[in-house]
Amino acid sequence: MARVYNFSAGPAALPLPVLEKAAAEMTDYRGTGMSVMEMSHRSQEYSDIIETARDRFRRLMDIPDNYHVLFLQGGASSQFAMVPLNLFSGGARADYVNTGAWSKKAIAEAKRWGDVNVVASSEDKTFSYIPKLERDMFSPDAAYVHITLNNTIYGTRYTKLPSVGNIPLVTDASSCILSERIDVSKFGIIYAGAQKNIGPAGVTLVVVREDLVGDALEATPTMFRYATHVKAGSMFNTPPTYAIYLAGLVFEWLEDRGGISAIEEVNKRKAALLYDFLDSSSLFKGTAATEDRSLMNVPFVLPTEELNATFIKQAAQNGLVTLKGHRSVGGMRASIYNAMPLEGVEKLVAFMKKFETENA
Ligand code: PMP
């Protein structure tokens, strides 16, 4: 069996032990004689699967009791709409920080339902940094403040949360959830698509504070109301059963490894290895502002398009794949989520060093 080191931004690499366990249980889940995929979501077995996954996730994130954990569908992109639909009922204005393509999509969707105030943007420098945010930049009457905690395309992250007072802070944590400790109590809503640090695409995790679940705008479809899913325990309709099962296995793997503080240490070592090399290199250059660098997505460039293309091709021949950067930044991007082992980053850096020597 040949496994590559897959630096995809998402869907991304999953931990090998998780895939192996899923494979072993594929056709006969623990003596039931059927695959999880074939199981009624109302069965006792499945109920155990989803509850165990939820409990593990709550423990990993240390989620306070006054928050609900929802397993939804529609990706983070559906949350771009669900957030305003559910939160605009308490006031039809929200503050957004624009730190990249995903923020922009969230802003565009919110604008369909109310007043959106873009308090700051880093678009002037291709989103290579996180804008400085002060308390008085936010509107006192805002229903919420929205930030993108980690910017998958540009490789930036908030290292400090904005101070927003009593306004609920809502965040898209799609590309950094479970990668480092965060204080859930600082947020009103945290949402994330699964296909980076949680599991396969198809399930979307939403952590929502109790007081924000309630009235939604009148026209909100039943499926787009948080209250619907809170009331039904994420079982209002058929949930993405297999994706949730796989996410549960990923949570188990994380707990076995010592939880988020343990994986955070590994993630910091991985990122430091790559950034230290980029900082010392005469050929490669990181594109994100040093103080705002992501632990998960590392974009970098070579001096010419030709060298970028050669690097990507030769890296793939060496088992280091999906390193092509997003078209808006160009060059390369190494996504090094939880499932990327330290050895994968060591191999990448060794290959970059060799490439530098050969192309200097
Ligand atoms: N937000 C961020 C930060 C993302 O990285 C992505 C996907 N790469 C999305 C939102 C969109 O997620 P989905 O495809 O699950 O809708």
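**Cavities, pocket and ligand**

Trainee: What kind of model are we looking at?

Mentor: Residues are numbered from 1 along each chain as its sequence is written, and side-chain values use heavy atoms, leaving out hydrogens and water. Local features need pLDDT of at least 70, side-chain atom pairs count only at pLDDT 80 or more, and totals for chains, interfaces and linings use all residues; it's a predicted model.

Trainee: How many residues in the lining of the largest cavity are charged?

Mentor: The lining includes Ala13, Lys196, Trp253 and Asn338. Sort by class (Ala, Val, Leu, Ile, Met, Phe, Trp, Tyr, Cys and Pro as nonpolar; Asp, Glu, Lys and Arg as charged; the others, Gly among them, as polar). You get seven nonpolar, three polar and, for charged, one.

Trainee: Where does the ligand sit?

Mentor: A pocket is an open set of grid points with protein on both sides within 12 Å along at least five of seven lines. A molecule sits in one if more than half of its atoms lie within 2 Å of its grid points. By that test, the ligand sits in the largest pocket.

Trainee: And which helix gives the most to the lining of the largest pocket?

Mentor: That pocket has about 380 Å³ of space and 25 lining residues, with Trp102, Thr152, Ile153, Gln195 and Lys196 nearest its centre. Helices here are DSSP runs (H or I, at least four residues), numbered from the N terminus, with strands being E runs of at least two. H3 and helix H4 (101-110) each supply at least two lining residues. The top contributor, with four residues, is H3.

Trainee: Which of the residues around the ligand come nearest?

Mentor: Near means a heavy atom within 4 Å. Helix H3 (residues 75-87) has the largest share of that shell, four residues, and by class the shell is three nonpolar, eight polar and two charged. Of the 13 residues, the nearest are Ser77, Thr152, Asp172, Gln195 and Lys196.

Trainee: How far is the polar side-chain atom of serine 77 from an oxygen atom of the ligand?

Mentor: Polar contacts are pairs of N or O atoms within 3.5 Å; within protein, one must be able to donate a hydrogen and the other to accept it, and residues adjacent in sequence count only if both atoms are side-chain atoms. Ligand oxygens lie 3.0 Å from a backbone N or O atom of alanine 76 and 3.4 Å from a side-chain N or O atom of tryptophan 102. For serine 77, the distance is 2.6 Å.

Trainee: Where is proline 11 found?

Mentor: The peptide bond from glycine 10 to proline 11 is cis, with omega near -10 degrees. Proline 11 is in the loop between strand E1 (5-6) and helix H1 (16-24).

Methods:
1 Å grid on protein atoms, 1.4 Å probe; cavity = no way out; pocket = protein on both sides within 12 Å on 5 of 7 lines; lining within 4 Å. Points joined across faces, edges and corners; volume = space filled by probe spheres on them.
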